[in-house]
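Work through the exercises below with the model open beside you. Try each task before you read its solution.

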Amino acid sequence: MPRIYSEDALRELEERYRRWEEEVVPEWLKKLPERMSEFTTLSGIPVKRLYTPLDLKDHDYMEKLGLPGEYPFTRGIHATMYRARIWTMRMFSGYGGPEETNERLKFLIKHGETGLSLAFDYPTLIGIDPDDPMAEGEVGIVGVSVPTVVDMEIIFRDINLGEVTTNMTINPPAPVLYSFYVAVAEKQGVPYTKIGGTTQNDPLKEFIAQKSYVFPPEPAVKVAMDLIEWSIKNTPKWNPISISGYHIREAGSTAVQELAFTLADGIEYVRQLIARGMDVDTFAPRLSFFFDSHINFFEEIAKFRAARRMWAKIMKEWFGAKKRRSLWLRFHTQTAGVSLTAQQPYNNIVRTAIEALAAVLGGTQSLHTNGFDEPFRVPSELAAMIALRTQQIIAYETGVADTVDPLAGSYFVEWLTDEIEERAWRYIERIERMGGMLEAVKKGFPQREVTEASYRFQREVEEGKRFIVGVNIFEQEEIDEIRNVPLLEFDQPGIEARMKERVKRVRAERDQARWRRSLDELRRAAERGDNVVPYILQAVKAKATLGEVMGTLKEVYGVYVEPPIY
Amino acid sequence: MSSPQSTRRIKVLVAKLGIDGHDRGAKVIARALKDAGFEVVYTGIRQSPEQVALAAIQEDVDVIGVSILSGAHMHHMEKLMEKLREYGAEDIPVVLGGTIPIPDIEPLKRMGIREVFLPGTSLRYIIEVVRRLAEEKRAREAETLL
């Protein structure tokens, strides 16, 4: 196997390194002890004092890294990366009703965002209408309320769906929101083949982390696979799934767990789709991913690079994918919401900038940067603007986008990339032995691992082993200007009343016979085990509401109740 | 038996009120309280104010700890306090943690919420507050028994 370093050079270095460790370092330590007895990454991977070519002794450049745009894609999925096109700046946005969100989207487009991303409120996320008793007090707070196709149409007023791509962070109701979007595009005169965007549609991580599950695991996966199958055939530019590590990480996992569980989720979906008789190369190019970018800088970069290499290998060697695009791990990144602090909140601008930089150095395809006020509420216009500007500064001022994968060859980064990969493979092997991720989730394995890791982290903060500025180091009595960040203000009760009123009006004004028939047909399709997506599309065009469609499916599939384990 | 009040372990209900799924904080707190020697009942997610109030009464807890990260805390906490009054359980002290804007803290305290914990609050402090509130409640009960 070809090596980068000659054996003679390595031998010489080994000798010098040994002498340095035995003679030079102890002298320094006597004068100036190190800050800690052990340094570790945020995930607990030990970090040595120094990395040299000795840590990459067996490193085969072509096997481990290759060239960008070529297998195993460690250096990037495109040959020219950001020299050709900057990543998509896609700000996760939405609050109140469709009117407020339409204004926010237009504001962000005006200031240079290059992709749209919708945040939905909790009632929408779990598939209930604004007038459902469970929705009381929750409408429009963490995102936009979208109970009907009429609301989706208002969100995209003056926005041509043939000219933008839209990410929708939606899971159990993904086929419903997708159908709303497709129906609006159709009404705007945009052909199916031109609609671009993403539905998150990743059911397994709902049970592991995000907890906006509705159906039990098996039907949840079935419905998600239905959407992928239907979308591949009908909206070829749509990404029908975004296999997400973000929520797993935010729930407290380590970087290694985030990577391993996400890829294991992906493996499960690939198997499910192949089991439907689909050829791997028909759907693999449309699978997309979503990761967190946390504050431990090099660990995140290494994670992204390892992710690409692992997925390419999985698709090629496990599933025999042949198309180059089938091997690509394309991913969206969001900076770590969980790293933001309520204390000294303006510091969050700095954290977000560092995390965004890690995502860029890790080769992300699109990026959301958090608003500094998000420990309190969805971002104000000012906070969202600063977050967008942060990306623009990285893209256009710093020069980091001018060469491909600039950290490759760093002894530390390459070592850490290998280490994270190795640790993630070990997790994947354990999950494989359990029969794959669907089985592992049913056994509660990833759930327990994440819960353990989050508690371990909190203990480390408590014991002063991890520092968070403003929280357990450099704390200060805050002056009111810093404490009282001007937050986004909106009339939530007024919006809730407006949304309730509108959904009632839509129900009253529709063609009742057509609506009834569409839901009956949906129910029968679900009972037969058919692909439910075309029936959902038909129902939403007949003005069936989100809650009605999900209610019909719940009657067939049942609902999931989690055992309250901590 | 001399004084059951003083020997019985402090019992806490950790509740996810509303429909948000962010359960990391609630679980970490539940675990920390348990490790501190308390008895902990965790409700799981998506609980209504009525469910939380009833669980607190049925489990006979000393303190209710609510976690909300959906921004709907003003609405839900008001309803929860109403339910506790309705069931004659207003003596159970209630604390709240989550993503709470600072200007909301005062109105929440006026509702009768004893303490509001923002992100970044230390476990040690939370344990201390819960212990104090539980002991005060037991002292009040002991007094009424005399």
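**Exercise 1. Find which side chain makes a polar contact with the side chain of Asp20(B), then describe where Asp20(B) sits.**

Step 1. The side chains of Asp20(B) and His22(B) are joined by a polar contact of 3.0 Å. A polar contact is a pair of N or O atoms within 3.5 Å; within protein, one must be able to donate a hydrogen and the other to accept it, and residues adjacent in sequence count only if both atoms are side-chain atoms.

Step 2. Look at the backbone too. A polar atom of the Asp20(B) side chain lies 3.2 Å from the backbone nitrogen of Leu69(B).

Step 3. Asp20(B) is in the loop between β1 (11–16) and α2 (24–35) of chain B. Helices (H or I, at least four residues) and strands (E, at least two) are DSSP runs, numbered from the N terminus.

Step 4. Check burial. Asp20(B) has a relative accessible area of 0%, so it is buried. Buried means under 20% relative accessible area, exposed over 50%, partly exposed in between (1.4 Å probe, protein chains only).

Step 5. List the contacts, meaning heavy atoms within 4.5 Å. Leaving aside neighbours within four places in sequence, Asp20(B) touches Tyr122(A), Ile45(B), Ile68(B), Leu69(B) and Ser70(B).

A note on the basis: this is a predicted model, where local features need pLDDT of at least 70, side-chain atom pairs count only at pLDDT 80 or more, and totals for chains, interfaces and linings use all residues. Residues are numbered from 1 along each chain as its sequence is written, chains are lettered from A and ligands numbered from 1 in the order in which they are written, and side-chain values use heavy atoms, with hydrogens and water left out.

**Exercise 2. Describe the interface of chain A and chain B.**

Step 1. Count residues. On chain A, 41 residues are in contact with 38 residues of chain B.

Step 2. Give the area. About 3,400 Å² is buried between chain A and chain B, and carbon and sulfur atoms give 55% of this. Buried area is the accessible area (1.4 Å probe) that two parts lose on being put together, summed over both.

Step 3. Name the main contributors. Tyr455(A), Glu462(A) and Tyr566(A) supply 23% of the area that chain A buries against chain B, more than any other three residues.

Step 4. Count the salt bridges. There are three between chain A and chain B. The rule asks for a side-chain nitrogen of Lys or Arg within 4 Å of a carboxyl oxygen of Asp or Glu. Lys211(A) forms a salt bridge with Asp23(B), and their closest N and O atoms are 2.6 Å apart.

Step 5. Trace the helices. On the side of chain A that touches chain B, α4 (122–125), α7 (204–210), α9 (246–250) and α17 (445–462) each supply at least two residues. The largest share, eight residues, comes from α17(A).

**Exercise 3. Is Phe73(A) buried or exposed?**

Step 1. Locate Phe73(A) in the loop between α2 and β3 of chain A. Pro72(A) is found in the loop between α2 (61–64) and β3 (88–93).

Step 2. Read the backbone. The peptide bond from Tyr71(A) to Pro72(A) is cis, with omega near 0°. Phe73(A) has a positive phi of about 65°, although it is not a glycine.

Step 3. Phe73(A) has 1% relative accessibility, so it counts as buried.
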